[in-house]
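I opened the model to look up a few backbone and packing features. My notes follow in the order I took them.

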Amino acid sequence: MRIGAHVLRSGLFVAPMAGITDRPFRRLARRYGAAIAVSEMVSSRPELRETRKTRLRQDHAGEPGPISVQIAGRDPAMLAESARHNVALGAQIIDINMGCPAKKVCNALAGSALLEDEPLVARILEAVVSAVDVPVTLKIRTGPDRARRNALRIARLAEAAGVQMLAIHGRTRACAFDGRAEYDTIAEVKAHLRIPVVANGDVETPEEAKCVLEKTGADGIMVGRAAQGRPWLFRQIAHYLATGEKLPEAGMPERHRVLLEHLEGLYDLYGEPQGARVARKHIGWTVRGLPGGEAFRARVVRIDAAAEQHSAVNDYFARLAA
């Protein structure tokens, strides 16, 4: 697959997830086979540009390219300026968020709330594409609600504006994350578009990835929540798609090694004690389903010091090994 001048090594993408797809998470996912790990969305509001939260989200030190930054907002001029600003900081792809169903985003009439205003969507896409020399991609849902699925009309606006890839989550804004994703709409969009289409929603296993590709005809798969605590899922999916063979889950030594690396990355990015607080959820996801994992998770969420947290993880995996 190509996005502009970028030739991707696979059709596997990491979905942008607020509070999760920071630099340490993205680096691990890329190492395990993801072609692109889209950053957490950054607001297009200029007064938020220099906040610590935004600066951390824009930190791409040591990441392999192409670097994709997702921007969010509803004002075409602000989004265009945000795109220029992020390209100046090193973004090689600009992704526009029209898929987030979070209330605080939609209440600002951004994210998936934009799907209700197709003329505004067109103005935003045209403004951002014309503002930068790097490829622009778009993330959407299938529509505002099940009675108003308009993904195909939005997709046609995107292609006409010069957007170079479209990712579609197989739920409407109203669905949020309830129920199961539907793929018929994604298949319809893919059948009418020339640009690459990436399918997103409810891909948790290599078998599901293959099934979604077959149902939709999509050019790629975007994985979100299923990769939390399991960056090796991208390796498993890539191997299964290439060979039809299933790789096992990562063994305990590898899980231990990956988790320690993730923790060090979080401590380095956020410092203490924020790094240790952010790490709690990643520890919980990594030990989910392991012997004594739930009890360990309940204990580690009370640890505020990075060194103590690091030691607790080592002790937990040492007990498993014994």
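This is a predicted model: local features need pLDDT of at least 70, side-chain atom pairs count only at pLDDT 80 or more; totals for chains, interfaces and linings use all residues.

**Entry 1: positive phi.** Phi of Ala176 is near 50°. I found Ala176 in the loop between E9 and helix H7 (184–192). Asp202 is also not glycine and has a positive phi, near 65°. Asp202 sits in the loop between strand E10 (197–200) and helix H8 (206–216). At a relative accessible area of 11%, Asp202 is buried, because buried means under 20%.

**Entry 2: cis peptide bonds.** I checked omega next. The bond from Gly65 to Pro66 is cis, with omega near 0°, and Pro66 belongs to the loop between helix H2 (52–57) and strand E6 (68–72). The bond from Glu272 to Pro273 is also cis, again with omega near 0°. I placed Pro273 in the loop between H10 and helix H11 (274–287).

**Entry 3: H10 and H13.** How far apart are the axes of H10 and H13? I read 10 Å, with an angle of about 175° between helix H10 (residues 252–270) and helix H13 (residues 306–321). H10 is therefore roughly antiparallel to H13, as the angle is over 145 degrees. On the H10 side the contact includes Met252, His256, Leu259, Leu263 and Tyr267; on the H13 side it includes Ala306, His310, Val313 and Phe317. I sorted the contact residues into nine nonpolar, four polar and two charged. I also checked the length of H10: its 19 residues should span 27 Å at 1.5 Å a residue, and the end C-alpha atoms are 27 Å apart, which agrees.

**Entry 4: strand E8.** I turned to strand E8 (residues 136–141), where six of six residues are buried. In a regular strand the side chains alternate between the two faces of the sheet. Which residues of E8 lie on each side? I have Val136, Leu138 and Ile140 on one side, and Thr137, Lys139 and Arg141 on the other, all buried. Strand E7 (residues 93–98) pairs with E8 in the parallel sense over five bridges, and Asp95 has Thr137 as its bridge partner in E8. E8 also runs parallel to strand E9 (residues 165–169), joined by five bridges. In E9, Ile168 is the bridge partner of Ile140.

Key. Residues are numbered from 1 along each chain as its sequence is written. Side-chain values use heavy atoms; hydrogens and water are left out. Axes are lines fitted to C-alpha atoms, for helices over the stretch in contact, and angles run from 0 to 180 degrees between N-to-C directions. Helices (H or I, at least four residues) and strands (E, at least two) are DSSP runs, numbered from the N terminus. Angles under 35 degrees count as roughly parallel, over 145 as roughly antiparallel, 65 to 115 as roughly perpendicular and the rest as oblique. Contact means heavy atoms within 4.5 Å. Ala, Val, Leu, Ile, Met, Phe, Trp, Tyr, Cys and Pro count as nonpolar, Asp, Glu, Lys and Arg as charged, and the others, Gly among them, as polar. The expected span of a helix is 1.5 Å times one less than its number of residues. Buried means under 20% relative accessible area, exposed over 50%, partly exposed in between (1.4 Å probe, protein chains only). Two strands pair if DSSP finds at least two bridges between them.
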